[in-house]
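Let's take a walk through this protein together. Please have the structure open as you read.

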Amino acid sequence: RLRSDSTSSSASQGSRSKTILRQRLAELMTCIEDMSSDDEAGEEVSRTLDEAFQLCGRLLPTDAFLHMVTWNVATAEPPEDVASLLQLNDQPAIDLYVILQEVNATPVRFISDLMEEDSWSHLFMDTLGPKGFVTSVRMQGLLLLVFAKMMHLPFIRNIQTTYTRTGIFGYWQGNKGAVSVRFSFYGHMMCFLNCHLAAHMHNALQRVDEFEYILETQDFDIFDTPHVLDHVVFWFGDLNFRIEDHGLHFVRSSINGGRLNLLWSKDQMMKKKEPFLQEFDEGPLNFKPTYKFDRKADSYDTGKKRKPAWTDRILWRIKPKSLPSEEDDDDDEKASTSADDGQEEYPIMVTQNTYTSVMSYGVSDHKPVIGNFTLELRKYFDTQLVDLAPAGEWSADHDALLTYTILEDFMSSTWDWIGLYKVGFKSAYDYETFVWVRENELPEVNEVIELQKSVAKDDLPLLSGEYVLGYYSTNLNSIVGLSDNFQILESKRAAMEDLVSKDINGIDK
């Protein structure tokens with residue numbers, strides 16, 4: 001399960017797409033030979049070349065960069081700065097952030113979007129808001145946040161969340177359990193599964209049983225990928241696996257002497273041989289165990305003197321090309337070489353670039369663990385479902401006009417809405433104002449809809465700023481179309497209401 005190259009791949013390049021590309025190029029050569037008119041031939045050649053290069057673009061994989069954080073902070077308040085935790089200044093720039101904070105458990109709601117009450121959510125939204133907030137879910141004490149660059153939002157679809165409670169006979173046990181979010185990312189099905197499993201050294205088997213129970217019971221209302229293992233899965237959190245056999249002195253001396261490899265064979269997770277665990281990959285544990293520390297210190301527990309352990313982990317799993325049957329359980333080669341057409345044509349490869357802890361943070365007795373990944377994928381699609389644009393000049397001095405076009409058929413609803421967002425918005429609900437889509441009948445594909453006087457001037461911002469329109473699909477639980485950024489002009493009413501900044505002696509007042 002532990003791989004030195006930290007790389008998984010679902011499939012090689014598909015031969016069918018290459019055949020189509022050859023056909024396009026053959027058509028190009030035929031056009032050149034058959035056209036009598038130079039102008040006519042030039043137009044046909046140009047058009048065929050465009051098609052060929054567009055197909056080449058779809059064939060070539062695209063890199064997306066994923067940054068994950070897992071951190072059990074219990075009742076602690078967040079630090080002032082999380083830049084090093086999020087690697088904000090590193091290159092290449094991150095496309096997706098997935099962050100788990102195990103925060104103070106309060107038995108109010110298992111799932112809540114009232115993140116205004118949570119200082120950790122505030123901190124990350126304020127820090128990453130300009131990148132575009134996607135979704136969040138909170139289970140009693142477990143907070144899972146997903147952020148994406150705004151450019152990716154229309155291609156993150158079918159967002160669904162669920163949770164599982166674990167404990168004795170299924171009764172709720174504090175903040176133990178799992179919370180997950182799944183979505184389609186350019187057509188690739190992704191699932192981020194956070195778990196907090198049973199504590200203490202002697203509960204290794206219970207932890208495995210809990211994880212298996214979570215995989216069996218969590219499901220989604222998606223017909224082709226209803227289960228966690230139907231996705232590319234990232235499994236992370238306070239998994240609570242410990243270091244067996246070795247005594248406290250040996251463990252600490254191995255850590256202090258930089259001989260972490262002496263502890264790997266006694267790590268409970270590495271010793272487990274269950275087949276479903278063997279399907280998960282994890283990078284090498286080349287960082288110090290992240291539990292248990294004295295708070296606001298770099299020293300391990302000086303109170304109860306608990307043995308250090310790698311309790312906080314990040315693993316991943318690429319969906320196998322085919323699942324072996326009872327008849328071919330022993331035929332590993334056969335199982336690893338068969339693939340369905342979708343995986344063959346649209347492969348995805350996960351490469352872990354970084355797997356480490358950040359020892360500088362001391363607000364908790366756990367240290368945060370971060371994993372940085374490259375997702376090399378071929379996009380199933382790269383066109384928004386809806387195209388939007390402001391019509392004419394926008395200001396609060398008059399009602400505003402906008403147009404939208406349904407580019408592809410999808411399960412639209414009269415509950416869909418179009419929001420006006422200030423660039424740098426934090427979530428789909430962080431709009432300035434919104435309008436419902438047409439109520440009487442839904443638009444057809446490629447039908448241009450003009451909403452005249454749909455955005456009342458009283459709902460528009462008085463001051464100038466850069467904004468964007470977003471179409472939110474209630475059935476897909478996501479923004480499926482974004483306009484280009486545009487400027488809203490300062491209203492004449494702003495000066496009348498004394499909202500305009502004044503330059504006095506070179507200082508804005």
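**The cavity and its surroundings**

The lining of the largest cavity has 8 nonpolar, 2 polar and no charged residues; here Ala, Val, Leu, Ile, Met, Phe, Trp, Tyr, Cys and Pro count as nonpolar, Asp, Glu, Lys and Arg as charged, and the others, Gly among them, as polar. Among the lining residues are Trp394, Phe434 and Leu469, where lining means having an atom within 4 Å of a point on a 1 Å grid at which a 1.4 Å probe fits but cannot get out. Strand 16 (417-422) and strand 17 (433-436) each give two or more residues to this lining; strands are DSSP runs of E with at least two residues, and helices are runs of H or I with at least four.

A word on the source: this is a predicted model, in which local features need pLDDT of at least 70 and side-chain atom pairs count only at pLDDT 80 or more, while totals for chains, interfaces and linings use all residues. Residues are numbered from 1 along each chain as its sequence is written, and side-chain values use heavy atoms, with hydrogens and water left out.

Now turn to the salt bridges (a side-chain nitrogen of Lys or Arg within 4 Å of a carboxyl oxygen of Asp or Glu). Arg313 and Glu282 form one at 2.7 Å, N to O. Arg313 sits in strand 10 and Glu282 in the loop between helix 9 and strand 10, so the pair ties together parts 31 residues apart in sequence. Arg313 is buried at 0% relative accessibility, and Glu282 is buried at 0% too; buried means under 20% relative accessible area, exposed over 50%, and partly exposed in between, with a 1.4 Å probe and protein chains only.

Technical notes
On a 1 Å grid over the protein atoms alone, a cavity is a set of points where a 1.4 Å probe fits but cannot get out, and a pocket is an open set with protein on both sides within 12 Å along at least five of seven lines; lining residues have an atom within 4 Å of a point.
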